[in-house]
Structures are given as structure tokens and as C-alpha cells.
Amino acid sequence: MPKKSFFRLPDERQMEIYNASIHLFMDNNYEEINMKKVLQYLSMNPGTFYRYFEDKDDLYCYLIRVIVHKRVEFFNQNNEDFLYNLFISGLFGDIDGAGAEPLDEIEIEFLETFSKIPESLLLKVYTNVLKGESIPFIKDALRQMRLNGDLRPNIDDDMVSFMFESMQFNIIMFLREYKITDSKMQQKIYQYFVDFMGHGLLEDKKYSELLNN
């Protein structure tokens, strides 16, 4: 999370840093990014950078946090069908068919770096961003789905929310462990996860409706 001094910057400068940082991580292998390259992309000196961020991990987590907020705000403004699509696609997944995409093309392309970052950074994203940001939102989605009569009985919100986020992390680790790099095969695995979560959570009638659609 950026330091308080970062948020005292004018919005225009914050956006400049945000956009430059996205290109930094898109253009370079994460583990090959040194501080010289970070400062070059952000047009900063070392003292200024450390006034705003702890390190490049902190900078990357900041980008993910902004994207999480964009999608959360987008889905908060839509109906329960959008909530469900977010729930099964994740905050980083493909939401085609769920309405207008709140992210621009560069942000969507940036998300492809998420599956390639070091394991240590994956854990930081999970503990520092997802655990505090998306899990509460997922709980809200579950409550809305329950009010609509779509959930199976006796679903535990805490357990399902925790499973959802931790399983997304584990899917990435699975792809790495078995060296699955083909994008079509990766998509099949993600779809398997979606089907598993959807069938396990939803009443049969709701699940059949979604499949038909």
C-alpha cells in the first residue's frame, strides 16, 4: 500500500505514476526490474520513490489494488447477475458477457503479468490486497445471492470467500507446477474451477439457468 504522502499528490500525478507503473511491469520481466529501471519509468529520484512506496512489490500491489477497486465499484452498481459473474470470474478473470468492462485495454493486458510474478509477491498480493479488499466484497455477493434464493442452503460465507481467493492463488501455482503455459489449456482449467464453484454454491435451478444462458 502506498504511503500517505502518495495520496497527497495531485490526482493527475497519481495517474501518471499509475500508468507509467503499468507499462513498467508489462514491458519487463518482474525479476529483472531493478531500481534504476523503476526510477526511469516513473521519472523519480530514489528519495521521492521511497517517500511514496516501500519497494517495487509495494508498487505492484498498488496497481492490483486500483484494479480491484475499479471492478468492485463497477459490480456494486449493477444487479445480482453481475455480482454472480464477478464471483465466478474473479477480480482478475474474463468477464465477457457480464456487461461493459470497467478496465481499459492496457489494464487488461497488465493483468496477464499476474500469473508470472514471483510466488513471494503472489502471497503479498493475496495477504495485502485480496484478503482485505475482495473477500468482503465476495461475502456481500453471497449475501445478495442468498436473498435472491440462488444459493444452496447452509453455505458458509466465511469459508467460501476464503476458499475462493485461496483457490485462485492455488490455480496459478498449479499451472506453474505442471508447466501449463498454453492459454487455451489454462482457460479450460479456469473454466473447470468456475463450474466447480458454481455447481457447488447454486441451487440446481439457478445453475441450469446460467448454463442455458
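The points that follow concern a predicted model.

1. Helix α8 (residues 119–147) and helix α9 (residues 157–177) have axes that come within 8 Å and cross at roughly 140°. The two helices are therefore oblique to each other, and α8 passes α9 in a right-handed crossing.

2. On the α8 side, the residues in contact include Leu-122, Leu-123, Tyr-126, Leu-130, Ile-135, Ile-138 and Leu-142, together with charged residues such as Lys-139, Arg-143 and Arg-146. From α9, Val-160, Phe-162, Phe-164, Phe-169, Ile-172 and Met-173 are among the contributors, as are Asp-157, Asp-158 and Glu-165. By class, this contact comprises 13 nonpolar, 3 polar and 8 charged residues.

3. Helix α2 (residues 11–27) packs on helix α3 (residues 35–42) at an angle of about 135°, with the axes 8 Å apart. This pair is therefore oblique as well, and the crossing of α2 and α3 is right-handed.

4. The contact involves Arg-13, Ile-17, Ala-20, Ser-21, His-23, Leu-24 and Asp-27 of α2, which meet Lys-37, Val-38, Tyr-41 and Leu-42 of α3. Classified by residue type, the contact of α2 with α3 has 6 nonpolar, 2 polar and 3 charged residues.

5. The second largest pocket has a volume of about 290 Å³. It is lined by 14 residues, of which Phe-25, Asn-28, Asn-29, Thr-113 and Lys-116 are the closest to its centre. The lining of this pocket consists of 7 nonpolar, 3 polar and 4 charged residues.

Terms used:
Residues numbered from 1 in each chain as written. Predicted model: local features only at pLDDT ≥ 70, side-chain atom pairs only at ≥ 80, totals over all residues. Heavy atoms only, no water. Axes fitted to C-alpha atoms, helices over the stretch in contact; angles between N-to-C directions. Helix = DSSP H or I, 4+ residues; strand = E, 2+ residues; numbered from the N terminus. Parallel < 35°, antiparallel > 145°, perpendicular 65-115°, else oblique. Left-handed = near helix turned anticlockwise from the far one by under 90°. Contact = heavy atoms within 4.5 Å. 1 Å grid on protein atoms, 1.4 Å probe; cavity = no way out; pocket = protein on both sides within 12 Å on 5 of 7 lines; lining within 4 Å. Points joined across faces, edges and corners; volume = space filled by probe spheres on them.
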